[in-house]
Amino acid sequence: MIAALVIAIFLNLASFAAKAESVSVNNDQHVPLNTQIEDLKKALINLNRDLFILEEDLLFPSSTQVAVYLSLDVGVYFQLDAVELVIDDETATHYLYTERQVNALKRGGVQRLYMGNVNQGAHQLTAFFIGIGPENRPYKRAVTLAFEKDDDAQAVELKITDSSAKHQPEFTATVL
């Protein structure tokens, strides 16, 4: 399928080149070269978009797609340094955060931490949160979620919040 799109791109390029060579000397029928170049750019942009969508569909079909998002609502009790994501006892991703990224998450940003494929059926997701906790001590906590993957795309939210009642951060994982 991708090869067919690449061939279509080359055929479009060849047709534009042929049109450029066969432009009549007559000013009434003359199409400016700039217009042809702009048309070619637009066609390439559209083909690139279509190719990207096709690639996403091929790599991550909805029947096997799982996406994990991270949101953060903390202030006093936890400073995030890293997250490690394990799905079915295999490390899916490990992410280290800069201060700017943590600040963006604190302002309401949501990060797509992972996007991948899993088979349909029962799965277990474990997220390890590493950072600085209360009293400036190293802090490592985990949250585990068992979920059932069906034939639709699956989304999971990992959330870190402050619990002022417990004076501790809380870590949750929910299926969206």
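Let's start with Val83: at 0% relative accessibility, this residue counts as buried. Keep in mind that this is a predicted model.

**Around Val83**

- Val83 sits in strand β2, which covers residues 79-87.
- Leaving aside residues up to four places away in sequence, Val83 touches Leu70, Thr93, His94, Tyr95, Tyr97, Leu113, Phe128 and Phe129.
- Gly131 is 48 residues away from Val83 in sequence, yet the two C-alpha atoms are 8.9 Å apart in space.

**The Lys41 and Glu38 pair**

- Side chains with opposite charges can pair up when their charged atoms come close.
- Lys41 makes a salt bridge with Glu38, and their closest N and O atoms are 3.9 Å apart.
- Both Lys41 and Glu38 belong to helix α2 (residues 33-59), where three residues, or about one turn of the helix, separate them.
- Lys41 has 45% relative accessibility, so Lys41 counts as partly exposed.

**The Asp50 and Arg49 pair**

- Asp50 forms a salt bridge with Arg49, with the closest N and O atoms 3.1 Å apart.
- How accessible is Asp50? Its relative accessibility is 33%, so Asp50 counts as partly exposed.
- Arg49 comes in at 46% relative accessibility, which means Arg49 also counts as partly exposed.

How values were computed. Residues numbered from 1 in each chain as written. Predicted model: local features only at pLDDT ≥ 70, side-chain atom pairs only at ≥ 80, totals over all residues. Heavy atoms only, no water. Salt bridge = Lys/Arg side-chain N within 4 Å of Asp/Glu carboxyl O. Helix = DSSP H or I, 4+ residues; strand = E, 2+ residues; numbered from the N terminus. Buried < 20%, exposed > 50% of the residue type's maximum accessible area, 1.4 Å probe, protein only. Contact = heavy atoms within 4.5 Å.
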